[in-house]
Structure formats: structure tokens, C-alpha cells
Amino acid sequence: MKKSLLTLVLLCVTSVFYSQSITGKWKTIDDETGEAKSIVEIYERSGKIYGKVTEILDAKRAKALCQDCSGEDANKPILGLTIIKGLKKDGKEYNGGSILDPKSGKVYRCLMELTDKDKLKVRGYVGFSLFGRTQVWYRVN
């Protein structure tokens, strides 16, 4: 009986850790420079994950436009721009959507994984996830 109860408790604790949500505010860190760039709010809408820029940390870039973006995002302010679109939860990962790099205007396929309750691995890639870049974002409390 004690072993069964202990097993049940461990399963519950483990499932709580793995079911942590990626929704909330995240500080983006540039993988090339190591600098904090912005705060992105990740939210769920109609069962899919989206993320928009809610704060730009470099005051000189606070009013920057997405000059190299195309389509509906062309020349829009980066502040308020939805850069993550349409991700779906797949096991421990979120994928099937896209991420926009406002600096280059390029859109990449996106894969996200919560590696810790306050640490999010974000990978943008073209074609296969082998060809891309990974950033680690940190939850903002």
C-alpha cells in the first residue's frame, strides 16, 4: 500500500513539472551576443500558442519598425508585433508553427521546449530542425 501511494505521489509531482505551461512573459536573449533584447508574452488562443513583443529592452530600438518584414507585418512597429504563430503542444515540445525574426524580417519554423519551469528553449529553423538557431529565454515573474 505504501509503495502504491508513493508511486502515485511521484507520478503526480512529475506530471505537474512536465505539464508546466509556456504561457506568460519571457525575456529573450540573443544567442549571438548574449544580450537581453525584449519581453515576449506567450499566450494560447483556440488551442494554439502565439507570442507578441510587449517590451523592447534597448531604449534606442523602442520605436523600431519591422522594415524587412513582408505581408501584413511590413513596416509595423516591432513593439506589439506577434512573432510566434500557431504552435501546438506535441508531448513535451511545441511545434507546427512559425517564429518571425524582426531584425531580418525572416520567418522560420519553430520548436519550443520548456527545459525548466523558468527556462524555454526556442529553436527557429528552415526545413529540418538541424538547420537553425537556438535561443534560451527566461520567464519574467
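Of the 141 residues of the chain, 31% count as buried. Buried here means under 20% relative accessible area, exposed means over 50%, and partly exposed lies in between (1.4 Å probe, protein chains only). The model is predicted: local features need pLDDT of at least 70, side-chain atom pairs count only at pLDDT 80 or more, and totals for chains, interfaces and linings use all residues. Residues are numbered from 1 along each chain as its sequence is written, and side-chain values use heavy atoms, with hydrogens and water left out.

The accessible surface of the chain comes to about 9200 Å². Carbon and sulfur atoms hold 55% of that surface. Areas were computed by the Shrake-Rupley method with a 1.4 Å probe; for residues, only the protein chains shown count as cover. Among contacts in the chain with a separation of 6 or more, 37% are between residues 24 or more positions apart. A contact is defined by heavy atoms within 4.5 Å.

The chain contains 1 helix and 8 strands. Their order along the sequence is α-β-β-β-β-β-β-β-β. Helices (H or I, at least four residues) and strands (E, at least two) are DSSP runs, numbered from the N terminus.

Strand β2 (residues 36-45) runs antiparallel to strand β3 (residues 48-56), and 8 bridges join them. Two strands are taken to pair if DSSP finds at least two bridges between them. Within this pair, Tyr43 stands opposite Tyr50 in β3. The two strands form a hairpin with 2 residues between them. Ser46 lies in the loop between β2 and β3. Its phi is near 55 degrees, a positive value in a residue other than glycine. Ser46 is exposed, because its relative accessibility is 74%.

Strand β3 also pairs with strand β4 (residues 82-90), again in the antiparallel sense, over 3 bridges. Here Gly51 stands opposite Ile84 in β4. The loop between β3 and β4 contains Asn75. Asn75 has a positive phi as well, near 60 degrees, and is not a glycine. With a relative accessible area of 49%, Asn75 is partly exposed.

A search of the whole structure finds 9 salt bridges. The criterion is a side-chain nitrogen of Lys or Arg within 4 Å of a carboxyl oxygen of Asp or Glu. Side chains of opposite charge can pair when their charged atoms come close.

Asp73 lies in the loop between β3 and β4 and Lys85 in strand β4, so the pair ties together parts that are 12 residues apart in sequence. Asp73 is buried, as its relative accessible area is 11%. Lys85 is partly exposed at 27% relative accessibility.

Another salt bridge joins the side chains of Glu32 and Arg133 (3.9 Å, N to O). Glu32 belongs to the loop between β1 (24-29) and β2, and Arg133 to strand β8, so this pair ties together parts that are 101 residues apart in sequence. Glu32 is exposed at 60% relative accessibility. Arg133 is partly exposed at 38%. Salt bridges that share partners join Asp31, Glu32 and Arg133 into one network.

The side chains of Lys37 and Glu35 also meet in a salt bridge (4.0 Å, N to O). Lys37 is partly exposed at 34% relative accessibility. Glu35 is likewise partly exposed, with a relative accessible area of 45%.

Glu113 lies in strand β6 (residues 106-116). Glu113 is buried, because its relative accessibility is 16%. Leaving aside residues up to four places away in sequence, Glu113 touches Lys92, Glu93, Lys119, Leu120 and Lys121.

Phe128, Leu130 and Phe131 make a nonpolar surface patch of about 410 Å². Patches are made of residues with over 30% relative accessible area and no salt bridge; like charges are joined within 9 Å, and nonpolar side chains (Val, Leu, Ile, Met, Phe, Trp, Tyr) within 5 Å. Phe131 sits in the loop between β7 (119-125) and β8 (132-139). At 54% relative accessibility, Phe131 is exposed.
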